[in-house]
Amino acid sequence: MMSSGPHHQVPLTQAQIAQQQQTAAMQVEMAKRRSRKPTDKNLPDNIDDCTVGDMAARYRQLRDFERRLDATMTRKRLDIVDSVNRSVKRWKTLRVWITNTAEDQVWQGNGLNVDSFDFSSNLEPNYRVKIEGRLLDDDDDLDKEDEDSEDAKARSDDPDRMEEDPKPKTTRALKYRFSHFFKALSVDFPSNRKGIDQPVEWKKPERAGPSSNLPAAADFDELTFKRSGDENLNITINLYRHEEPERYAISQELENIVDMSEATRQEIVMGIWEYIKLMGLQEDEEKRNFRCDDLLKKAFGIETGSIPKLHDYITPHLKPLPPVKLPYTIRLDEEFHRNPQPTIYDVRVAVDDPLREKMLSFLSNAGYANMLKEAASLDDQLAIIIHAIHVSKAKHAFLTSLSEDPATFVKDWLSSQKRDLDVIMGEAMRGGGEDATGDEWRKGGKDSIWSTINARESVTVMLAKQPIQPQR
């Protein structure tokens with residue numbers, strides 16, 4: 001049995017310690033390399049005096065254009081992300097046809113021989129009801145088809161027109177099907193038929209696993225059921241809507257505030273927030289709280305409320321949407337079936353904005369990551385080139401100063417080198433040397449010692465060093 005006290009750590013072997021030290025040394029070396037990696041992409045000052053033409057000015061214009069382009073692309077991408085997250089819906093029309101057929105009815109003869117005396121038969125009168133739904137195309141699509149047909153007719157009427165190869169017909173794939181818009185379906189029979197007719201119910205099965213495809217039982221355009229009977233029946237078909245995000249029926253108290261009879265939770269919360277801002281009910285000191293006027297008091301029953309708790313306030317006022325009820329009469333008489341006509345209903349349904357799929361494909365484009373890597377690689381190459389230009393500019397300034405006054409320049413340069421050597425050897429006084437007063441090291445700005453490349457890289461290396469934790 002193991003003891004409950006503290007367990008002593010197993011000491012590391014020499015190989016493990018050496019491996020840890022090697023890993024830490026590698027991390028320090030990588031940090032040094034990152035610190036030495038140039039990142040500045042701005043040209044040095046007064047570079048225009050050292051170049052031929054206006055290349056430096058053109059480069060600055062390109063840099064300014066790049067910054068504005070990056071800002072525009074980032075803003076547009078954020079707008080696309082916001083549009084996708086808001087899940088904007090469009091309303092379209094779902095047309096539903098309801099028809100029924102009659103089988104083995106008395107007026108159909110049942111296949112009996114009228115000359116025989118035996119009228120017994122095992123055939124029972126029955127009927128089939130078919131419910132079919134199709135999403136109608138937009139009006140602009142229909143207008144486009146009419147224009148195409150008119151253009152084709154005009155081309156056929158022109159005798160002088162040259163023959164052309166026919167354009168291939170593009171078929172629109174049916175993305176939405178009847179079962180996609182409803183989570184359940186049921187049929188109500190007359191009360192005098194309860195217990196006789198088996199109930200008709202369908203519920204949409206859940207998706208199996210992370211797959212986005214629906215099972216076959218939830219992906220159809222028509223539903224058919226068969227029952228026994230020889231009399232006309234009045235039934236009601238109930239369609240329970242399936243919407244993501246789910247929409248709710250709103251109570252009258254809350255409807256007076258948001259001016260909507262049905263909406264999603266997000267739409268309701270945003271409506272209440274807009275009402276609070278419009279009426280100036282937000283408290284001055286604590287912006288998360290708001291005062292309740294007569295309408296809010298009637299809905300929530302409180303004097304003051306908290307904006308983060310709006311979801312809790314609206315929950316008692318939400319109810320599931322009532323089903324879409326489609327009355328239908330099952331006709332089993334001979335007169336109707338001589339020329340049967342379906343009963344048609346138009347149901348308003350919500351579909352995703354067609355641009356949403358394109359925006360999602362834009363956000364999930366694999367080439368975007370490769371483009372970012374390529375742009376980062378080009379930025380690194382550009383920074384290396386700019387670093388080389390800085391070095392060349394320093395050399396140019398050095399040689400220019402030497403050519404203007406060689407004696408004074410060499411004297412100042414030797415004095416500067418002597419001070420640096422004294423500092424490195426530890427022989428310099430606190431002031432910095434015989435000619436140094438210490439002000440050069442305290443002074444900041446563009447012309448100070450700390451703005452030189454060597455000083456900046458030295459400080460960067462020191463900051464990049466990570467202290468190695470000793471292994472015990």
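**Note on salt bridges and cysteines**

1. Lysine 89 and aspartate 352 form a salt bridge, and their closest N and O atoms are 2.6 Å apart. Lysine 89 belongs to strand β1 (residues 89-103) and aspartate 352 to strand β13 (residues 343-352), so the bridge ties together parts 263 residues apart in sequence. Lysine 89 is partly exposed, at 33% relative accessible area. Aspartate 352 is also partly exposed, at 25%. The model is predicted, which should be kept in mind for every point here.

2. The structure holds 19 salt bridges. One of them joins arginine 128 to glutamate 103, with 3.0 Å between the closest N and O atoms. This pair links distant parts of the chain: arginine 128 sits in strand β2 (residues 126-135) and glutamate 103 in strand β1, 25 residues apart. Arginine 128 is partly exposed, with a relative accessible area of 34%, and glutamate 103 is partly exposed at 24%.

3. A salt bridge also connects glutamate 243 and arginine 247, where the closest N and O atoms are 3.6 Å apart. Buried means under 20% relative accessible area. Glutamate 243, at 17%, therefore counts as buried, and arginine 247 counts as buried at 14%.

4. Some salt bridges form a network, which links Lys130, Glu132, Arg134, Arg177, Asp219 and Asp221.

5. How many disulfides are there? The count comes to zero. A disulfide would need a pair of cysteine sulfur atoms within 2.5 Å. As for individual cysteines, cysteine 50 is partly exposed, with a relative accessible area of 31%, whereas cysteine 292 is buried, at 8%.

Key
Residues are numbered from 1 along each chain as its sequence is written. This is a predicted model: local features need pLDDT of at least 70, side-chain atom pairs count only at pLDDT 80 or more; totals for chains, interfaces and linings use all residues. Side-chain values use heavy atoms; hydrogens and water are left out. Buried means under 20% relative accessible area, exposed over 50%, partly exposed in between (1.4 Å probe, protein chains only). A salt bridge is a side-chain nitrogen of Lys or Arg within 4 Å of a carboxyl oxygen of Asp or Glu. Helices (H or I, at least four residues) and strands (E, at least two) are DSSP runs, numbered from the N terminus.
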